[in-house]
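This report looks at the spaces inside a protein model and at some of its side chains. Please keep the sequence and the structure in view while reading.

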Amino acid sequence: MKNRKALIKLKNKVMITVATTGGYTTKEHNPNVPLTPVEIAEEVYKCYQAGAAIAHIHVRDDAGNPTMDFEKFKETVGLIREKCDIVINITTSGGTGFNDDERMKPFVELLPEIASYDCGTMNWQHTTVFENNPLFLEKLGKKMQEVNVKPEIEVFDPGMLYNALYYAKKGILTEPLHFQFVLGAPGGIAATVENLVYLKSLLPENATWSAFGIGKESTPILMTTLALGGHVRVGMEDNSYLFKGQLAKSNVEFVERAKTLIAELGKEVATPDEARALLGLTKKV
């Protein structure tokens, strides 16, 4: 009976992921975006205090460019872990042009609970190719199983979801799957309510899912995701503006907005430990 009550309670919980930095937003876009390990860790901690359960981590080099430099990840993740027990989600795609080992080393060595799994190749920003070829996806899925890191399957178009179902049948991915729908990336599916409803309709029955929209569509997609029963991602990786013409002062403002909307729906914000229970994660440290 206790377990049943706990499961019912978790169904009313919504996980907030904060993506503080990403690989694109610069100080020119928004002077408040955190870029250094110290800035990122401090921002993640403030978002944790505000209610974020998961932190999606990208890092930058000393010039502010996207990088998969292991030492930057090590410093950033170490600083975050010193401050709080937020669930760590490390990117495997800090940008384009990195080799397989560079992309995998941060999660293999630092053992976050989650790492991104971008489930297909796409034309990126109409300027280049974001490559996730079949051999890499098989290697990535197997390595995540080996080190017990849960894949967050990032879906930029419907074909990527079908790729994930294929890899689950092959045993490369382990069910239950967790999906992150990315809407509005140039080269990917547009950020519309209709597209989000369609993506949700493709999910396997036992999957968990989250979604976000990029840029001006971030708030409509946030609201639709909550209405459809999904979890949410917010932050300056995806949007510099809190409102039209008003730059966000910090990532905390996005977390606070999500919290308000979650409460309006009669739901509750998940803690990091509740997120671990929802996703079946193994706490590493």
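Ala, Val, Leu, Ile, Met, Phe, Trp, Tyr, Cys and Pro count here as nonpolar, Asp, Glu, Lys and Arg as charged, and the others, Gly among them, as polar. By these classes, the lining of the largest cavity has four nonpolar, five polar and three charged residues. The model is a predicted one.

**The cavity**

Rolling a probe the size of a water molecule over the atoms shows where empty space is left. The structure holds one cavity of 30 Å³ or more. The space in the largest cavity comes to about 110 Å³. Its lining is made of Phe212, Gly213, Ser218, Thr219, Leu222, Arg233, Val234, Gly235, Asp238, Asn239, Phe254 and Arg257. Two or more of these residues come from each of the elements β12 (208-213), α8 (218-227), β13 (231-234) and α9 (251-264). Helix α8 has the largest share, with three residues.

**The pockets**

The largest pocket has a volume of about 690 Å³, and about 380 Å³ of space lies in the second largest pocket. The table sets out the classes of their lining residues.

| Pocket | Nonpolar residues | Polar residues | Charged residues |
|---|---|---|---|
| Second largest pocket | seven nonpolar | three polar | three charged |

In the largest pocket, 31 residues form the lining, and those nearest its centre are Gly23, Tyr24, Trp124, Gln125 and Glu237.

The second largest pocket is about 380 Å³. Its lining has 13 residues, and Leu10, Lys11, Thr208, His231 and Leu278 are the closest to its centre. At least two lining residues of the second largest pocket come from each of α1 (2-11), β1 (13-14), β12 and α10 (272-279). Helix α1 gives the most, with three residues.

How many aromatic pairs does a search of the whole structure find? It finds seven aromatic pairs. In one of them, the rings of Trp124 and Phe156 have centres 5.8 Å apart and planes at 85°. Planes over 60 degrees apart count as edge-to-face, so this pair is edge-to-face. It links distant parts of the chain, 32 residues apart: Trp124 is in strand β8 (residues 122-124), while Phe156 is in the loop between β10 (150-155) and α6 (158-170).

Is Trp124 buried, partly exposed or exposed? Trp124 has a relative accessible area of 25%. Buried means under 20% and exposed over 50%, so Trp124 is partly exposed. Phe156 has a relative accessible area of 5%, so Phe156 is buried.

Phe156 also pairs with Phe130, again edge-to-face, at 6.4 Å centre to centre and with 80° between the planes. This pair too links distant parts of the chain, as Phe130 is in strand β9 (residues 128-130) and Phe156 is in the loop between β10 and α6, 26 residues apart. Phe130 counts as buried, at 6% relative accessibility.

**Thr67**

Thr67 is in strand β5 (residues 66-67). With a relative accessible area of 12%, Thr67 is buried. The side chain of Thr67 reaches the backbone nitrogen of Asp69 at 3.0 Å. Leaving out residues up to four places away in sequence, Thr67 touches Val59, Arg60, Asp61, Phe73, Gly94 and Phe98.

Conventions:
Residues numbered from 1 in each chain as written. Predicted model: local features only at pLDDT ≥ 70, side-chain atom pairs only at ≥ 80, totals over all residues. Heavy atoms only, no water. 1 Å grid on protein atoms, 1.4 Å probe; cavity = no way out; pocket = protein on both sides within 12 Å on 5 of 7 lines; lining within 4 Å. Points joined across faces, edges and corners; volume = space filled by probe spheres on them. Helix = DSSP H or I, 4+ residues; strand = E, 2+ residues; numbered from the N terminus. Buried < 20%, exposed > 50% of the residue type's maximum accessible area, 1.4 Å probe, protein only. Polar contact = N/O pair within 3.5 Å; in protein donor to acceptor, adjacent residues only side chain to side chain. Contact = heavy atoms within 4.5 Å. Phe/Tyr/Trp six-rings, centres within 6.5 Å; stacked < 30°, edge-to-face > 60°.
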